Amino acid sequence: MTTTIAFLGLGAIGTPMARHLAIPDFSLAVWNRTEAKTTAFVAAHATKAVRAASTPADAARGAAIVITCLPTSREVEALLDGPDGLLAGLARGTLFIDCTSGDPATSQRIAARLAEVGVGFIDAPVSGGVVGAEKGALTIMVGGDAALLERAMPVLRAMGEKIVHCGAVGAGDALKAVNNALLAVHIWSAAEGLLALSRAGVKPAVALDVINASSGRSNSSMNLFPERVLTRAFPRTFRLALLDKDVGIAAQVARDQKVPSPLIQLTAELFRAAHTALGDEADHVEAVKYLEQMTGDEIQ
Ligand code: NDP
């Protein structure tokens, strides 16, 4: 028997994730705020059981599983209400999987509202970027009831490789935010170090060659800087606005837990400033350009 799935949010990462659900196991309804993306997705899967939903309610109607992948938890929460909202289409017993990199408090509020109408909720943010999504090789970190995760497994396995139960609702969001705060720290600190080394007469390519065979290496030094900064390519795969949001969530989690966190708080401030300076469409790695503007030098 096929499972009916609704997928809402055909953005940079949502689109390649949803592609893995256009398979014979599933009957898929897709919805996106900008209708052209829904139309293009359905056209690209014309031979499959994929339909365009006209509203969130229409997408949810008849679905056993509803998946959202939106910028923040705020947009997910806003999609619940109104005559065309998800709650108008959700039936008791439906499972709601939120793949947004959300914030724990809002996810907990959404879970409580859905529980009132008999709908289970798990937060299931992802890591691995657009390339990982295209390969169906994402890491998926899940918060919520273990029995709900068990039900979600066939769908999550279609999109991800490593699927980990992290704790109660919000635990996936918290872990994802901290992971991305580490990413931000690595990008920023590598940029500072390479700019300083450059002025000291060490070429960035030489510095990265040594760092990547030494203890200071990270995904940023091994992949992002060689492929995106030194080449000056800066492809737009994950918006700086979203990383700014993620570091902000991590900073809030640390404050909520009363953990002294000067480094994460400072990183949140730096990425907020970089986002403001570079705009909503800049890629996350372009935060490096903000530091370059301060110094007047370029890492190349
Ligand atoms: P994008 O900005 O590319 O896409 C955002 C999606 O949300 C679009 O489909 C957009 O619709 C929709 N959207 C925006 N605002 C609203 C709204 N008010 N109501 C309804 N829909 C809305 O984001 P990504 O796909 O890159 O990211 C989605 C989530 O995944 C984020 O939480 C992000 O942090 C996370 N993530 C992203 C990764 C990446 O590499 N890109 C990696 C890991 C996690 P429209 O087309 O109309 O603009």
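This is a predicted model: local features need pLDDT of at least 70, side-chain atom pairs count only at pLDDT 80 or more; totals for chains, interfaces and linings use all residues.
Start with the ligand. Select the 25 residues around it, then highlight A12, N32, T34, K37 and P71, which come nearest. Colour the shell by class: 10 residues are nonpolar, nine are polar and six are charged.

Next, go to the oxygen atoms of the ligand. Select T34: a polar atom of its side chain lies 2.5 Å from a ligand oxygen. Move to L70. Here a backbone N or O atom lies 3.0 Å from an oxygen atom of the ligand. Then pick G11, where a backbone N or O atom is 3.3 Å from a ligand oxygen. Now show the surface. On its own the ligand has 900 Å² of accessible area, and the protein covers 87% of that.

Hide the ligand and look at the space it takes. This is the largest pocket.

Zoom out to the domains. Domain 1 (3–168) and domain 2 (174–295) each give at least three residues to the shell. Finish with two helices. Select α6 (129–135) and α11 (240–256): each supplies at least two shell residues.

Definitions and conventions. Residues are numbered from 1 along each chain as its sequence is written. Side-chain values use heavy atoms; hydrogens and water are left out. A residue is near a molecule or strand if one of its heavy atoms lies within 4 Å of it. A polar contact is a pair of N or O atoms within 3.5 Å; within protein, one must be able to donate a hydrogen and the other to accept it, and residues adjacent in sequence count only if both atoms are side-chain atoms. Accessible areas come from the Shrake-Rupley method with a 1.4 Å probe; for residues, only the protein chains shown count as cover. On a 1 Å grid over the protein atoms alone, a cavity is a set of points where a 1.4 Å probe fits but cannot get out, and a pocket is an open set with protein on both sides within 12 Å along at least five of seven lines; lining residues have an atom within 4 Å of a point. A molecule sits in a cavity or pocket if more than half of its atoms lie within 2 Å of its grid points. Helices (H or I, at least four residues) and strands (E, at least two) are DSSP runs, numbered from the N terminus. Ala, Val, Leu, Ile, Met, Phe, Trp, Tyr, Cys and Pro count as nonpolar, Asp, Glu, Lys and Arg as charged, and the others, Gly among them, as polar. Domain bounds come from an automatic or database domain assignment.
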